[in-house]
Amino acid sequence: MKRLNPSQMWEATLGSLELQVSRPSYATWLKDTVGLSFNDNRMVVGAPSPFVAQWLERRMSSLIEAALSQVAGLPTTVQFQVMTQMTSHTSPREEPQALAAQLPQSSNGHSSQNGGQNGTRAFRLNPKYTLDSFVVGQSNQLAYAAAVAVSSRSGTAYNPLFLYGGVGLGKTHLLHGIGHASASRGLNYLYVSSEQFTNEFITSIQMKRTGEFREKYRSVDVLLMDDIQFMRGKEAIQEGFFHTFNDLHNSNRQIVIACDRPSSALVPLEDRLRSRFQWGLSADIQLPDLETRKAILEVKAAAMGVGVPDEVLDLISENFLSSIRDLEGALNRVCAYSDLTAQTLDLDLAYLSLGDLLTMKQKQVPPPETVISQVCSFYGVENQALVSKRRDKKVTSARQVAIYLLRECTQMSLKDIGSVVGNRDHTTVRHAWAKIFKEKITDKSLKAQLESISARIEEQTPS
Ligand code: ADP
Ligand code: MG
């Protein structure tokens, strides 16, 4: 095989990393990096800013080194370098084009390696996507149970297994999980997206290597085909897949297919292909509920080795509803922010770092007067006293609770909260909030008080 230059090597590594990390973290950290040099088994990678370089170095270097070593075919280390304005505008911008210009020639001259390369790339599974790391909740339990069943009784349980669900809900994770489990039973699996399948199929026809193509697909015990919706409307490809499918099915090889919609919605996917899918089991993955979302975040935070306060997990799981990928992206963002600014990961920091991503809860925001009057009536304190200078214990603690709840229930700034509780400055407000925040963790009775006041506030707030 022709030796790859550093830029090509890095491009290939990025291709593999893209399969392994979440979309937001790929876009945030990896997308704008370039391969600068490769000497003595060390790759120097240019990053667009010191932030990015530092993050990659601290959080991703082992993942990157593993991917790089596979591409290089030998153990390889990585070093990050911040690109100066000059280089980031000249060579890195030109290199991808130069690379693209070279591609047709190199694929002519090295067609078999090219096919082989696609093949090896297709085999790569994300080591983190295992059945064990998959959090099971109501929304995905059927899909999970089916995945476990086909992993232990390959080819005989449900064949094909057809998994469907919206974007970012765990289909690819389950396919990889089945791949890992199959591999550990000594089975020969092949994970491929229908895009890759399509490319290989077309290349095999162009290169007159259809025999090789068929052989490759027929020789697997478990075929994991991701994102089959890409085959819609491509009849020749569907035809190719139909034959592959029949070959495998007839010899009791397991087929698992993932799709972002139910097979009945795959019109115009050839009828006979669709009817084949009905032979097996269709399992859908639905939107996860709040508990499942939080459990997933807990697992991800633990896997990153970061202690994330419960409050922050709540904030994220309450606000990111539509995809687990986004949920994870939000967690990554909060952790990155805390890491890079060397600030404690707390609720403040989470709000700050998520900023515009937070779709404020649909719940109506209560006016501050409601919060204050509910706190006062709960503790039997006059409204006047709460906003006065009085500092006796009863009034002070009611005031602190009011501040805490104003912070939790409204979107007011510390400064604005200060002004509605008798023109107090924002450090006093922050101190009061933090005090209640801490106390409620250990003081069960305080926690219960806060909950019942919150419920009253909610009752008083028109929706
Ligand atoms: P899809 O293929 O359905 O678009 P993915 O499998 O790529 O979604 O999942 C997106 C991200 O969410 C991945 O990082 C995956 O690990 C994570 N994820 C999805 N569902 C779960 C789950 N039940 N438990 C743990 N992680 C999950
Ligand atoms: Mg997927």
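The exercises below, each with a worked solution, concern a predicted model.

**Exercise 1.** Apply the span test to helix 3 (residues 50–72), then locate its bend.

*Solution.* Helix 3 has 23 residues, and a straight helix would reach 33 Å at 1.5 Å a residue. The end C-alpha atoms of helix 3 are only 26 Å apart, short of that figure. Next, look along the helix axis: helix 3 bends by about 80° at Met60. Met60 is buried, and the buried residues of helix 3 also include Trp55, Leu56, Ser61, Leu63 and Ile64. Just after helix 3, Gly73 takes a positive phi of about 80°.

**Exercise 2.** Classify Arg274 and Ser338 as buried or exposed, and describe one spatial relation of each.

*Solution.* Take Arg274, which is found in helix 12 (residues 271–277). Its relative accessibility is 16%, and buried means under 20%, so Arg274 counts as buried. Arg274 and Phe242 are 32 residues apart in sequence, while their C-alpha atoms are 9.8 Å apart in space.

Ser338 lies in helix 15 (residues 324–341). With 12% relative accessibility, Ser338 counts as buried by the 20% cut-off. A polar atom of the Ser338 side chain lies 3.0 Å from the backbone oxygen of Gln343.

**Exercise 3.** Describe the crossing of helix 19 (residues 393–409) and helix 22 (residues 444–460).

*Solution.* Two packed helices are described by the angle between their axes and the distance between the axes. For the distance, the axes of helix 19 and helix 22 come within 11 Å. For the angle, the two axes cross at roughly 60°. Helix 19 and helix 22 are therefore oblique to each other, since roughly perpendicular begins at 65 degrees. As to handedness, the crossing of helix 19 and helix 22 is right-handed.

Note on methods: Residues numbered from 1 in each chain as written. Chains lettered and ligands numbered in written order. Predicted model: local features only at pLDDT ≥ 70, side-chain atom pairs only at ≥ 80, totals over all residues. Heavy atoms only, no water. Helix = DSSP H or I, 4+ residues; strand = E, 2+ residues; numbered from the N terminus. Expected span 1.5 Å × (residues − 1). Bend = angle between axes of the 7 residues up to and from the residue. Buried < 20%, exposed > 50% of the residue type's maximum accessible area, 1.4 Å probe, protein only. Axes fitted to C-alpha atoms, helices over the stretch in contact; angles between N-to-C directions. Parallel < 35°, antiparallel > 145°, perpendicular 65-115°, else oblique. Left-handed = near helix turned anticlockwise from the far one by under 90°. Polar contact = N/O pair within 3.5 Å; in protein donor to acceptor, adjacent residues only side chain to side chain.
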